[in-house]
Amino acid sequence: MKFLNFKYRKKNKTTNILSFPATTNRIIKSQYIGDLVVCSAIIKKEAQEQHKSIESHWAHMIIHGTLHLLGYHHDNKQNLKKMKNLEIKTMLRLGFQNPYNIKQLNSNKNFETSVKSF
């Protein structure tokens with residue numbers, strides 16, 4: 001994952017998910033929007049660190065990556081806000097909690113976690 005992140009984004013670090021939008025010809029009508037490359041080890045580690053269920057964090061990362069495939073970005077405050085709102089709305093529709101403000105029971109203590117901006 002580190003290699004791919006460096007090769008395609010010039011960032012020499014690991015990451016949880018990479019999105020590669022389709023570059024198909026517009027004449028060809030296709031529902032293919034691109035590819036997602038996911039690092040399950042990082043997602044598992046992040047879920048534990050953020051006191052989330054693995055399923056919830058996977059859902060969030062797939063939604064996040066898919067929004068990138070659809071052209072959304074978090075390159076400035078306005079775009080970040082728009083993308084986060086879509087992620088939250090989608091997560092709630094799928095029955096998950098807001099990924100940016102999660103309260104979960106862990107070792108008989110309540111934890112509230114705010115996820116860092118990507």
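1. The protein chain of this predicted model contains 4 helices and 4 strands. Read from the N terminus, its elements follow the order α-β-β-α-α-α-β-β.

2. Some overall values describe the chain. It has 118 residues, of which 30% count as buried. Among the contacts with a separation of 6 or more, 41% involve residues 24 or more positions apart.

3. The crossing of the pair is right-handed.

4. As to the residues that form this contact, H3 contributes Ser 56, Ala 59, His 60, Ile 63, His 64, Leu 67 and His 68. H4 contributes Met 83, Leu 86, Glu 87, Thr 90 and Met 91. By class, the residues of the contact of H3 with H4 comprise 6 nonpolar, 5 polar and 1 charged.

5. Leu 4 belongs to helix H1 (residues 2–9). Its relative accessibility is 26%, so Leu 4 counts as partly exposed; the buried class requires a value under 20%. Beyond its neighbours within four places in sequence, Leu 4 is in contact with Arg 9, Leu 18 and Val 37.

6. Most residues other than glycine have a negative phi. Lys 10, although not a glycine, has a positive phi of about 60 degrees. This residue is located in the loop between H1 and strand E1 (17–21). With a relative accessibility of 61%, Lys 10 counts as exposed, because the limit for that class is over 50%.

7. The second case is His 51, which is likewise not a glycine and has a positive phi of about 55 degrees. His 51 lies in the loop between helix H2 (40–49) and H3. At 22% relative accessibility, His 51 counts as partly exposed, because that class covers values between the buried limit of under 20% and the exposed limit of over 50%.

Technical notes: Residues are numbered from 1 along each chain as its sequence is written. This is a predicted model: local features need pLDDT of at least 70, side-chain atom pairs count only at pLDDT 80 or more; totals for chains, interfaces and linings use all residues. Side-chain values use heavy atoms; hydrogens and water are left out. A crossing is left-handed if the near helix is turned anticlockwise from the far one by less than a right angle, and right-handed if clockwise. Helices (H or I, at least four residues) and strands (E, at least two) are DSSP runs, numbered from the N terminus. Contact means heavy atoms within 4.5 Å. Ala, Val, Leu, Ile, Met, Phe, Trp, Tyr, Cys and Pro count as nonpolar, Asp, Glu, Lys and Arg as charged, and the others, Gly among them, as polar. Buried means under 20% relative accessible area, exposed over 50%, partly exposed in between (1.4 Å probe, protein chains only).
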